[in-house]
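I had a new structure open and wanted to get my bearings. These are my notes, in the order I looked things up.

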Amino acid sequence: MDDTTPVQANPGYAADRLARELATAATHGDPAVRQAAERRAASWRRVLDGMARGLLSIGSRTPVRGMPAWVTPVVSHGGFATGEAAAGGPLRPQERALIDRHGLKADRAALYAHHLTEAGLAHLSSLLDSGAYEIDEPEQAALLTVTWLLRAGDAAGALRVLGELDPFAAALCLTPRPAPARNLPEGSVFRWSVEDVRHSLADVTAKGAHRVKVQGEALAVWNPFADRLLTHWLETTADTGGPGAEDAGAIEVDARRPDGWTERGAALLDEYERLAAEHTLCTKHRRPKENLAILLAALREALTEGGLGARRRGLLRHAVISMTAKRGVPGSPGHTALRAGQAAQAARPAHDVLAALLGERLAPLPGNSGVPDTEAVLVPTSPEEARSFTVPEGAAIPGPLRARVERAVIAPLDALVERGVVPSAEVLASLVPALAAEAEASAIGDPTLSRLVAAHHRAFATRRSLLLLNLESQVRRNELPWVRESTPHHDSADTRRTAARTLITRLGDTVLTRFPGTITPNPLVSELNGLARTAGLELGFVEELASDIFMGTFSPKFTRVARVAAEVLGDDLYTRYYGIDRARVLALEERPGRGRPTFADLCRERAGNPPRTVAGNGMVIEQAQILTTHNLAALTLAGSRPADGWAEAALRAHLTTVRLVGALPRVRDALAHVKNAAFAWRQTVFLLSRCPLAEQREVLDRMEESSAERPHHVRERLEPALRGLRAAVEGRVLPDHDEGEVVRFLGWTARRHWMLRIAPQELLPHPYRL
């Protein structure tokens with residue numbers, strides 16, 4: 001195969017995913033999980049069928065035969081298109097409502113024709129003016145845009161859009177969903193909508209009702225019975241007064257049997273059979289390893305066989321010791337206080353009831369927006385609520401339920417991060433489209449077009465990325481016919497550029513300050529690239545590539561970004577630590593002629609020319625991330641800075657490395673943790689390189705002191721990397737090999753990673769033991 005032959009995706013991946021989903025659908029204990037697996041299995045069947053029949057070309061930006069790039073495809077895990085259009089499928093509720101209202105034929109072709117009548121255009125025009133709509137798929141903005149173009153006098157543009165829509169009008173939903181207009185304060189966003197919170201609370205209500213019944217049965221039935229059974233066995237201990245928690249180790253159970261003990265024991269067994277038949281919610285007593293089950297089994301054996309065997313006696317003794325040590329002897333002050341506390345806990349309003357109460361409080365708020373004032377929603381229960389929901393007046397909303405409501409608070413991005421509503425860069429990325437939409441719409445004077453552009457931007461951001469091969473690029477917004485025709489009507493390009501530049505800097509500040517040890521998520525990269533184009537900046541942000549589908553080459557953007565990074569870095573610590581030849585990077589061409597070195601050539605050479613395997617691909621991709629700094633240099637060039645300085649950000653990034661390394665003995669995929677730790681380490685080195693030499697030494701001292709306080713398996717793994725960083729700070733050249741007392745910490749390797757060879761063998765998960 002030559003280099004120009006398009007590469008096709010292997011259907012084996014889809015077949016493997018189908019087999020997994022079928023296995024889950026057949027074996028999982030949760031019916032909801034089985035149903036979800038069945039739906040996913042149906043999608044993978046469509047993928048495989050489409051590939052087999054030549055209807056799908058997985059790896060292309062137009063993967064569905066006959067479907068243009070602007071149509072949003074339904075995409076399964078891994079970027080595989082299923083052959084369906086996201087705006088297709090059954091008629092939506094708003095479509096059925098219009099069909100019923102106007103007596104139309106129940107299909108989209110009839111709806112499309114209606115929308116182009118005077119009455120249909122008037123309806124769309126009223127939606128534009130009110131802003132009372134929500135766009136779930138980008139195509140749902142199409143006819144609204146046509147309406148706006150007609151109102152603006154651009155009939156030619158409207159006709160061009162309709163010309164592209166006509167062939168698909170019978171298949172796609174091209175109109176929005178009616179919803180309350182969004183009116184958020186400038187620069188504010190929310191993570192969850194009110195509707196999201198209410199669904200979450202409804203789930204608590206549904207599941208909590210059963211859980212509360214189980215808890216009530218345990219407290220009212222099984223705990224008292226367990227106490228009586230334990231008291232019965234304590235009558236047989238050598239200490240006639242019964243052991244206390246302080247002398248539990250001296251218990252000798254079944255040392256003697258007082259008069260009437262056998263008869264009382266038989267009565268307890270009869271009582272158990274009756275209780276088990278009447279109370280079936282709580283099943284803990286049926287588990288053989290539970291203390292109550294052990295006490296029961298021992299009692300049956302004692303009464304039916306006249307005595308206990310050595311093994312049963314040992315199990316009984318352990319159970320009695322555990323129960324008395326944990327709760328005290330039944331009837332003792334400690335045990336009595338414990339049971340009273342449990343009863344008081346059970347008497348508190350159950351979470352499911354309070355979840356239903358919160359759902360009622362949220363009902364008046366627009367479901368498609370957030371909560372302006374969460375404290376007003378989270379106040380203690382009122383007298384009216386106490387009567388309606390049978391809860392105490394003034395009852396506080398418990399923490400877990402408060403957290404669900406807090407996720408919907410409307411606030412500026414930094415405030416959400418500060419409150420813990422945005423705990424990761426991935427969650428941050430999910431909020432950026434709303435801010436980017438605001439920046440894009442800020443330059444549009446017409447409020448109807450401004451709202452439409454913002455709503456469409458948010459919808460387009462939810463479009464799932466396709467698996468692309470042969471260096472193809474994802475579809476951009478300006479390729480959509482309605483966007484292409486409406487863009488010339490935007491007002492001030494300068495205002496839009498300024499807003500986009502400001503947002504890039506703000507986002508970079510947040511990333512560097514709050515998530516310095518985390519790689520930039522691809523959805524955030526996509527938004528940053530869009531903002532850079534709007535801002536007219538010669539900045540490039542590069543995505544994280546998947547090693548299992550890497551084709552061995554990079555798009556020209558990587559060369560451009562690497563050159564920018566080389567300019568930003570200079571001959572600093574980062575350049576020295578990773579052994580970067582800046583002159584070679586700066587000499588690279590984006591589109592080199594035949595025989596000229598490429599960016600991929602340099603990455604392969606730096607990786608040691610590994611074989612074309614997943615691990616080898618990962619080594620090459622990691623070198624690309626090193627040379628581009630994976631967007632850190634671009635953010636720095638855009639003016640982004642950590643709020644409390646580079647040194648503190650470097651220390652926080654290092655703590656991410658420490659946390660990941662510390663988890664190695666407890667995780668199944670240790671190698672993935674090592675790779676993530678290496679990513680965080682690279683962030684640390686970059687941030688540290690922004691500091692003066694004296695501050696670098698001070699920060700490194702603090703890193704080494706922090707490491708010395710960690711468990712020995714963490715210290716042993718980090719010491720070679722810390723020594724390597726110390727050598728680079730002091731101006732020494734690091735060795736190219738990855739073994740010894742001084743190493744350059746990289747995540748990918750074709751051999752067993754040195755970090756997994758350092759720690760004692762007993763601490764390593766099974767797949768990584770020597």
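Below I go from the whole chain down to single residues.

**Ground rules.** I'm working with a predicted model, where local features need pLDDT of at least 70, side-chain atom pairs count only at pLDDT 80 or more, and totals for chains, interfaces and linings use all residues. Residues are numbered from 1 along each chain as its sequence is written, and side-chain values use heavy atoms, with hydrogens and water left out.

**Whole chain.** I started with the overall make-up. The chain has 33 helices and six strands; these are DSSP runs numbered from the N terminus, H or I with at least four residues for helices, E with at least two for strands. Along the principal axes, the C-alpha atoms fill a box of roughly 100 × 80 × 55 Å. I then looked up burial: 50% of the 770 residues count as buried (buried is under 20% relative accessible area, exposed over 50%, partly exposed in between, with a 1.4 Å probe and protein chains only). For contacts (heavy atoms within 4.5 Å), I took those with a separation of 6 or more, and 70% of them join residues 24 or more positions apart.

**Cysteines.** How many disulfides does the structure hold? I found zero, a disulfide being a pair of cysteine sulfur atoms within 2.5 Å.

**Helix 18.** Next I went to residues 425–441, the 17 residues of helix 18. Where is the kink in helix 18? I found it at L431, about 35 degrees, shortly before the proline P433. The bend is the angle between axes fitted to the seven residues ending at a residue and the seven starting there. I counted burial here as well: 13 of the 17 residues are buried, so helix 18 is largely enclosed by the rest of the structure.

**R108.** I picked an arginine in helix 4 (residues 108–115). Is R108 buried or exposed? It is buried, at 6% relative accessible area. What does its side chain reach? I noted the backbone oxygen of G89, 2.8 Å from a polar atom of the R108 side chain, and the backbone oxygen of A171 at 3.2 Å. A polar contact here is a pair of N or O atoms within 3.5 Å; within protein, one must be able to donate a hydrogen and the other to accept it, and residues adjacent in sequence count only if both atoms are side-chain atoms. Not counting residues up to four places away in sequence, R108 touches residues including P90, E95, L172 and C173.

**Strands 1 and 2.** Strand 1 (residues 73–76) and strand 2 (residues 80–85) run antiparallel, joined by three bridges; DSSP must find at least two bridges for strands to pair. P73 stands opposite A85 in strand 2. Three residues sit between the strands in this hairpin, and G78 takes a positive phi near 85 degrees there.

**S640.** This serine is in the loop between helix 28 (632–637) and helix 29 (646–662). I get 0% relative accessibility for S640, which counts as buried. The backbone oxygen of T505 is 3.1 Å from a polar atom of the S640 side chain. Leaving aside neighbours within four places in sequence, the contacts of S640 include I504, T505, D509 and W646.

**Positive phi without glycine.** I wrote down two of these. T390 has a phi of about 55 degrees and lies in the loop between helix 15 (383–389) and helix 16 (399–406), exposed at 71%. N609 has a phi near 50 degrees; its loop runs between helix 26 (599–606) and helix 27 (614–628), and N609 is exposed at 56%.

**I549.** My last stop was the loop between helix 22 (522–535) and helix 23 (556–569), where I549 is found. I549 is partly exposed, at 35% relative accessibility. Not counting residues up to four places away in sequence, it touches L467 and L469.

Terms used: Expected span 1.5 Å × (residues − 1).
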